[in-house]
Amino acid sequence: MTLEALIFDVDGTLADTEEAHRIAFNLAFEQQRLGWTWSRTEYRALLAVNGGKERIASYIRALPMGDARRAHLLDRVSAIHAEKTKLYSSVVRDGGIPLRDGVARLLYEALQAGCRLAIASTTTAVNVDALLQSTLGRRGLEMFDVIACGDQVRHKKPAPDIYQLALRTLGLPADRAVAFEDSPNGLRAAVAAGLWTVVTPTFWTEGGDFAAAGLLLPGLGDPGAPLKSEPGTHLRTHGWLDFEELQRLARPRRTPDPVRALYQVGAA
Ligand code: XBP
Ligand code: MG
């Protein structure tokens, strides 16, 4: 497959960020005297809802309380989330969160090969800027032709909107790009946009439904941190996914031809 762009999710894919998000949510709840604390177990379940504002709203809707109190709290969601974003992005800006193994290497390999880079994330733009600059340096942002994220689309993952926005802005059809994701919602969004997808789960998403992944790996790996049982399980050359192997493995996702699909059923 001729790869013209790699489209990366951010949280969980570029970097393992959800523990820092969880801590920032809890600090914001404390500062706003809400009396809420999200445990790791609770947060793992809450991650079924993409988007910090949507996650807080969904949490409020599930709390036992009167309608007036609930309406009052729902009105405060944006302010609570703004507080959380301030707390989270300052930790990221201070270099508190590294990229996952192999991410920087693959980004540079792709650019070296003339392949473009894009972001398609649910998280807030200021968080993306902070992460890219703190991990890739001042030029970090410039490495990406497109940064599609947060509220640029109304329907967040698992809806395909953010990936469709990234592809539209790149000016590419889905069969000229691949997506990188960490979560079931993210995979659903990428596949619904027609993208062959590499999935590298984290603690927060492992065990999810990744049946539609084009390639499922524990991470991208690196020469200094090769993946266990690779090469030989999914990868042919190295113990890490490099751009050359990605080009060999990537397949354009065929949108099923309804007539052929009918025929195949008949022929089965
Ligand atoms: C993961 C998300 C985000 C983060 C929190 O985004 O669902 O909501 O959990 O960030 P990604 P915000 O698509 O990058 O995996 O509070 O800024 O939403
Ligand atoms: Mg993610």
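## Chat about the magnesium site and ligand 1

Colleague: Hi! Quick one to start: is Asp-182 buried or exposed?

Modeller: Asp-182 is buried, because its relative accessible area is 5% and the cut-off for buried is under 20%. Keep in mind that this is a predicted model.

Colleague: Thanks! And what coordinates the magnesium ion (ligand 2)?

Modeller: Asp-182 is one of the donors, through OD. Asp-9 also gives OD, while Asp-11 gives O, and the distances run from 2.1 to 2.3 Å.

Colleague: How are those donor residues spaced in sequence?

Modeller: The pattern is D-x1-D-x170-D. Asp-11 and Asp-182 are 171 residues apart, so this pair links distant parts of the chain.

Colleague: Where do Asp-11 and Asp-182 sit, then?

Modeller: Both are in loops. For Asp-11 it is the loop between β1 (5-8) and α1 (18-31), and for Asp-182 the loop between β4 (177-181) and α9 (184-192).

Colleague: Is Asp-11 buried or exposed?

Modeller: Asp-11 is buried, with a relative accessible area of 12%.

Colleague: Switching to ligand 1. How many residues surround ligand 1, and which are the closest?

Modeller: There are 19 residues around ligand 1. The closest are Gly-52, His-81, Lys-84, Ser-121 and Thr-124.

Colleague: Nice. How much of ligand 1 does the protein cover?

Modeller: The protein covers 98% of the accessible area that ligand 1 has on its own, which is 440 Å². As for pockets, the space taken by ligand 1 is the largest one.

Colleague: Which elements give two or more residues to the shell?

Modeller: Those are α1, α3 (52-62) and α5 (77-93). Helix α1 gives the most to the shell around ligand 1, with 3 residues.

Colleague: Last topic: Tyr-88. Where is Tyr-88, and is it buried or exposed?

Modeller: Tyr-88 is in helix α5. It counts as buried, because its relative accessibility is 2%.

Colleague: How far is Tyr-88 from Ala-20 in space?

Modeller: Their C-alpha atoms are 6.7 Å apart, whereas in sequence Tyr-88 and Ala-20 are 68 residues apart.

Notes:
Residues are numbered from 1 along each chain as its sequence is written. Chains are lettered from A and ligands numbered from 1 in the order in which they are written. This is a predicted model: local features need pLDDT of at least 70, side-chain atom pairs count only at pLDDT 80 or more; totals for chains, interfaces and linings use all residues. Side-chain values use heavy atoms; hydrogens and water are left out. Donors are N, O and S atoms within 2.8 Å of the metal (3.2 Å for Na, K and Ca); water is not among the atoms, so sites may look incomplete. Helices (H or I, at least four residues) and strands (E, at least two) are DSSP runs, numbered from the N terminus. Buried means under 20% relative accessible area, exposed over 50%, partly exposed in between (1.4 Å probe, protein chains only). A residue is near a molecule or strand if one of its heavy atoms lies within 4 Å of it. Accessible areas come from the Shrake-Rupley method with a 1.4 Å probe; for residues, only the protein chains shown count as cover. On a 1 Å grid over the protein atoms alone, a cavity is a set of points where a 1.4 Å probe fits but cannot get out, and a pocket is an open set with protein on both sides within 12 Å along at least five of seven lines; lining residues have an atom within 4 Å of a point. A molecule sits in a cavity or pocket if more than half of its atoms lie within 2 Å of its grid points.
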